[in-house]
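This report covers strand pairing and nonpolar packing in one structure. The sequence and coordinates come first.

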2 protein chains.
Amino acid sequence: METSLSKQNIAPKVTLMRNRLVVCICLMLLQAVDLFAQSVVNNKITKIETLNRNNGIERGPAKPYLFQYGIANAFIEGLYEGHLSIDELKKHGDFGIGAPNLIDGELTIVDGIAYQSNAKGQTIEAPGQIKTPFAFVTTFKADTTLLLANVQNIDELFTRIESLLPNRNGIYALRIGGLFSKMRTRAFPAMVQKPYRPLAKLLDQQQFFELNGMDGAMIGFYMPGYLSGINITGLHFHFLSTDRTAGGHVVALTAQNLTIEITEVKSFLLETSETADFQKFQFIGGNSSGLQKIEKGGN
Amino acid sequence: METSLSKQNIAPKVTLMRNRLVVCICLMLLQAVDLFAQSVVNNKITKIETLNRNNGIERGPAKPYLFQYGIANAFIEGLYEGHLSIDELKKHGDFGIGAPNLIDGELTIVDGIAYQSNAKGQTIEAPGQIKTPFAFVTTFKADTTLLLANVQNIDELFTRIESLLPNRNGIYALRIGGLFSKMRTRAFPAMVQKPYRPLAKLLDQQQFFELNGMDGAMIGFYMPGYLSGINITGLHFHFLSTDRTAGGHVVALTAQNLTIEITEVKSFLLETSETADFQKFQFIGGNSSGLQKIEKGGN
């Protein structure tokens with residue numbers, strides 16, 4: 001009995017200890033749950049505060065948005081040096097076109113991968129650290145798909161597309177896949193000496209490529225008239241073969257069995273470099289005489 | 001002993017039940033913690049998926065950004081009907097200017113509050129549901145402050161500001177506070193009949209106000225040349241008295257003890273309406289002859 005009693009005396013103590021331990025674990029768990037819940041709340045609050053400090057509470061762009069880096073009118077006058085990396089560009093979209101640093105070929109971004117089609121006729125995956133002076137991308141997700149059986153030339157294609165787009169003052173991303181019995185592309189060689197001459201005076205340096213009979217896709221955009229000078233108004237495409245070994249800026253074509261996928265872009269986001277070259281660039285234009293009168297409240 | 005034994009027999013059972021209950025609670029708590037953790041993880045995954053679907057993974061605008069609704073060249077030609085509410089506009093910034101629906105006065109947004117200065121000389125807080133055809137806002141946080149003791153007229157002020165801005169191709173928001181010994185503002189009355197005539201032909205309907213000797217602030221922007229046609233290039237201000245009872249578009253001034261606060265804007269975000277009026281608007285311009293050659297790869 002002594003043993004039994006002592007056992008019986010110990011047993012409740014052990015049970016009590018176990019109980020206390022379990023209660024303790026429970027309390028710790030409760031505490032943990034509480035802390036976890038609090039940390040979630042705190043994280044949320046911290047985030048909101050951080051956002052406020054960074055002016056991050058704004059609604060941001062309606063999506064999908066077109067992101068553009070650089071201004072067409074400055075680019076074509078000789079601002080060929082790139083200052084935004086392909087990696088940074090791709091943070092704004094998976095689909096687009098542009099120019100590599102020093103217009104060393106043509107840039108085409110599709111399915112989140114950037115390709116550089118150079119003046120030697122090569123198309124390679126563009127390294128993420130390569131910089132662009134002028135490019136524009138969006139997140140492509142077709143909202144409309146059209147089929148065209150036969151297209152004789154680029155003017156016919158452009159006329160038909162423009163007649164099909166619902167809003168001539170909208171922005172559209174277009175991916176046109178099919179068989180191109182004729183596909184003429186061009187690419188510029190990299191510029192080497194500064195000051196760079198305007199692009200319109202360098203057309204003799206273009207290299208042309210006949211990529212006839214290839215399967216591939218035209219990657220590009222329709223831009224409305226009000227973006228004249230900032231981008232290129234109307235339709236503008238780069239080509240990329242299905243095997244992604246050939247491409248360039250599209251200048252002529254004949255095509256069969258085209259699938260035209262269209263993404264309507266909802267807003268336009270523009271960034272420029274802050275380089276001295278850009279800052280001192282003199283844009284032609286200014287306010288119209290009508291706008292000047294309105295601004296001044298009279299003549 | 002019988003009683004004692006039976007008590008002793010019951011006691012461990014009760015203890016065991018208690019233990020089991022506690023363990024059970026613990027397991028439930030563990031389960032709850034697990035479920036909570038899972039739901040957090042699941043929510044995150046769901047959110048990421050939702051974001052992907054909504055194209056929400058993009059970097060968005062460099063901040064502070066300027067948000068603009070509408071196109072200047074379309075607005076001044078008669079697109080006076082508003083389609084974006086002040087409440088929606090203010091989601092993009094706390095500082096800016098614009099036009100109320102049917103150009104019923106001038107719109108000035110400061111410290112997150114929108115004011116409407118109408119052609120009767122009243123300045124009232126603009127109801128959030130009022131819509132604007134053309135307005136632009138940013139989140140104002142001065143990065144530079146300049147002081148000017150005396151300014152004889154608006155041309156002198158504009159010349160001095162433009163000489164002080166570091167980048168003529170940048171976008172700047174400016175808040176100019178001080179004593180205005182002369183402040184001449186104007187406001188248009190609301191247009192009533194469609195089709196609306198171009199604004200430059202409605203200048204005889206402007207009402208002018210002499211708000212001389214008032215303390216107040218000029219709220220406005222410097223816009224670079226490449227935004228010609230989309231916005232108003234150069235400097236453009238609305239006035240708001242310190243007591244916020246008077247204001248309008250600034251056309252003339254003499255001022256003392258000016259504090260010029262400047263926010264450099266890092267990106268430009270543009271949205272337009274999708275109304276039939278906007279869709280059918282014919283923008284003048286298009287690609288320059290040089291750009292046309294570049295696009296086509298030759299003449």
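The model is predicted. Chain A contains six helices and 15 strands. Of its 299 residues, 51% are buried. The accessible surface of chain A is about 14,000 Å², and carbon and sulfur atoms account for 54% of that area. Among contacts in chain A between residues at least 6 apart in sequence, 78% link residues at least 24 apart.

Strand β12 of chain A spans residues 214-223, and strand β13 of chain A spans residues 234-241. How much of each is buried? In β13(A), eight of the eight residues are buried, so the strand is largely enclosed by the rest of the structure. In β12(A), nine of the ten residues are buried, so this strand too is largely enclosed by the rest of the structure.

β13(A) in turn pairs with strand β14 of chain A, residues 247-265. The pairings are listed here.

| Strand pair | Sense | Bridges |
|---|---|---|
| β13(A) and β14(A) | antiparallel | three bridges |

Individual residues place the strands against each other. Tyr172(A) has Tyr222(A) of β12(A) as its bridge partner. Phe221(A) stands opposite His236(A) of β13(A), and Gly216(A) stands opposite Ser241(A), also in β13(A). On the β14(A) side, His238(A) faces His249(A) as its opposite residue. Five residues lie between the strands in the hairpin of β13(A) and β14(A), where Arg244(A) adopts a positive phi near 55 degrees.

**Nonpolar cores**

The largest nonpolar core has 86 residues. Which residues have the most contacts inside it? They are Leu199, Tyr226 and Ile230, each in chain A and in chain B. Leaving aside residues up to four places away in sequence, Ile230(A) touches Gln68(A), Gly70(A), Ile71(A), Ala72(A), Phe134(A), Phe268(A) and Leu270(A), as well as Tyr226(B), Leu227(B) and Ile230(B). Apart from this core lies another, of 28 residues, including Val151(A), Ala187(A), Phe209(A) and Leu211(A). In soluble globular proteins, nonpolar side chains tend to be buried together.

Note on methods. Residues are numbered from 1 along each chain as its sequence is written. Chains are lettered from A and ligands numbered from 1 in the order in which they are written. This is a predicted model: local features need pLDDT of at least 70, side-chain atom pairs count only at pLDDT 80 or more; totals for chains, interfaces and linings use all residues. Side-chain values use heavy atoms; hydrogens and water are left out. A nonpolar core is a set of buried Ala, Val, Leu, Ile, Met, Phe, Trp, Tyr and Cys residues joined through side-chain atoms within 4.5 Å. Buried means under 20% relative accessible area, exposed over 50%, partly exposed in between (1.4 Å probe, protein chains only). Contact means heavy atoms within 4.5 Å. Helices (H or I, at least four residues) and strands (E, at least two) are DSSP runs, numbered from the N terminus. Two strands pair if DSSP finds at least two bridges between them. Accessible areas come from the Shrake-Rupley method with a 1.4 Å probe; for residues, only the protein chains shown count as cover.
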